[in-house]
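Let us read one protein model feature by feature.

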Amino acid sequence: MFEKLIGIEKRYHELEGLLSDPKIIQDYEVYQKYAREHSDLSKIVAIFSDYRAVAVGIDESLELLKDEDPEINMLARDEIERLNDKKAYLETELKKLLVPKDPLDGKNVIIEIRAGTGGEEAGLFAGDLFKMYQRFAEITNWQVEILDHHATGVGGLKEVIAIVKGKNAYSRLKYESGTHRVQRVPATETQGRIHTSAVTVAVLPEAEEVDIDIDPNDIKVDVFRSTGPGGQSVNTTDSAVRLTHLPTGVVVTCQDEKSQHKNKAKAMKVLSARLLDAKIREQNEKRSEERKSQVGSGDRSERIRTYNYPQGRVTDHRIGLTLYKLDSILQGNIDEIVDELTTYYQAQALKNEHSGDRQEQPLDHS
């Protein structure tokens, strides 16, 4: 670990020299690349510098313990205790920062929300969840563009697919994938009985050309007229597009735009994201046979989170987090949940990163 930190520090100072090189400054793309890398390393270097300063302070205080003056001895012991606490904290922070980052974290995301078990009530809640994410995006200064949606007859959503564009969108939303369960009294329920419904959410990183290569010959394109609730035609031209990826059987339909070309472009975004997600899943499954699918069948029993209206509570079952802030959360204030999930999974990654070590050794600060 110490050697890794020394290497990072060396690279950081090397980048400082590169960023002041006139040739690099004139090449915008290269300069931006180095500037991003320099920025990414700056926090590690700063904490490592603090860590070494603390280690030196401990050594100096240990020398003071040899002094015959009892008062100096007592002050030295207090200082050693304080510095050891700080050293342990900084060491933990360095270990967190050295855990490899998910290369997809900075990407935009494709979010797919589908009504599962629960009929019309599930469709209504699918609409509520989509509004929650729209508001969260607005609060976070992200942009949301609907790629395709299918409304229900009572104002809900059978399905909605949208792209969320913004800084670190995938890193903040990736833990939203799974089945979301709602417990509430539907407006049509005359006896006040609580119904349980389920909605599935899938969060996929937006694919770029460098991420996945799709052969145009592998895609079957069908065009047809767009339809609305009840199956009625809402267009007089064949503007809706269905793409079928023949090798995998993945099918994507898009009909939100009046232009066939725009629908095809949007459908390609979704198709690329799904194929990239499948590629990532395959790689992860090779690493761990225990990894489960992001999204289940939409059945009530497969859930990551429950939204209980009568009690005004939201519970995330993966981390045992319960918040009595249902109204606020549905208004898009989900930062607390996102932060708790991020902290939990970072801790898991840290644990896995060091699980191969036979014994944790403290940093050498010489």
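The dialogue below moves from the whole chain to single residue pairs.

Q: What kind of model is this, and how are residues numbered?
A: This is a predicted model, where local features need pLDDT of at least 70, side-chain atom pairs count only at pLDDT 80 or more, and totals for chains, interfaces and linings use all residues. Residues are numbered from 1 along each chain as its sequence is written, and side-chain values use heavy atoms, with hydrogens and water left out.

Q: How many helices and strands are in the chain?
A: Helices (H or I, at least four residues) and strands (E, at least two) are DSSP runs, numbered from the N terminus. The chain holds nine helices and 11 strands.

Q: What share of the residues counts as buried?
A: Buried means under 20% relative accessible area, exposed means over 50%, and partly exposed lies in between (1.4 Å probe, protein chains only). Here 40% of the 366 residues count as buried.

Q: What share of the contacts joins residues at least 24 apart?
A: A contact means heavy atoms within 4.5 Å. Take the contacts between residues at least 6 apart in sequence: 61% of them join residues at least 24 apart.

Q: Which strands pair with strand 1?
A: Two strands pair if DSSP finds at least two bridges between them. Strand 1 pairs with strand 3 in the antiparallel sense, over six bridges. Strand 1 also pairs with strand 5 (residues 195-205), again antiparallel, over seven bridges. For landmarks, Ile 113 stands opposite Val 160 in strand 3, and Val 109 has Pro 205 in strand 5 as its bridge partner.

Q: Is strand 1 mostly covered or mostly uncovered?
A: In a regular strand the side chains alternate between the two faces of the sheet. Strand 1 (residues 109-115) is mostly covered, with five of its seven residues buried.

Q: How many aromatic pairs are there?
A: Rings of Phe, Tyr and Trp (its six-membered ring) pair if their centres lie within 6.5 Å; planes under 30 degrees apart count as stacked, over 60 as edge-to-face and the rest as tilted. The count comes to four aromatic pairs.

Q: Why is the pair of Tyr 175 and Tyr 345 called stacked?
A: The ring centres of Tyr 175 and Tyr 345 are 4.5 Å apart and the planes stand at 15 degrees, so the pair is stacked. This pair links distant parts of the chain, 170 residues apart. Tyr 175 sits in the loop between helix 6 (169-173) and strand 4 (178-184), and Tyr 345 in helix 9 (residues 335-354). Tyr 175 is buried at 18% relative accessibility, whereas Tyr 345 is partly exposed at 26%.

Q: Which residue forms an edge-to-face pair with Tyr 345?
A: Tyr 344 does, at 4.9 Å centre to centre, with 80 degrees between the planes. Tyr 344 is partly exposed at 33% relative accessibility. Ring pairs link Tyr 175, Tyr 344 and Tyr 345 into a cluster.

Q: Which charged residue lies over the face of Tyr 309?
A: A charge sits over a ring if NZ of Lys or CZ of Arg is within 6 Å of the ring centre and within 35 degrees of the ring normal. Arg 184 lies over Tyr 309, at 4.7 Å from the ring centre.

Q: How many salt bridges are there?
A: Side chains of opposite charge can pair when their charged atoms come close. A salt bridge is a side-chain nitrogen of Lys or Arg within 4 Å of a carboxyl oxygen of Asp or Glu. The count comes to 22 salt bridges. One of them joins Lys 165 and Glu 145, with closest N and O atoms 3.7 Å apart. Lys 165 lies in strand 3 (residues 157-165) and Glu 145 in strand 2 (residues 143-151).

Q: Is Asp 316, the salt-bridge partner of Arg 318, buried or exposed?
A: Asp 316 is buried, at 2% relative accessible area. Arg 318 is partly exposed at 23%. Their closest N and O atoms are 2.8 Å apart.

Q: Which residues are linked in a network of salt bridges?
A: Glu 112, Arg 114, Glu 159 and Arg 274 are linked this way.
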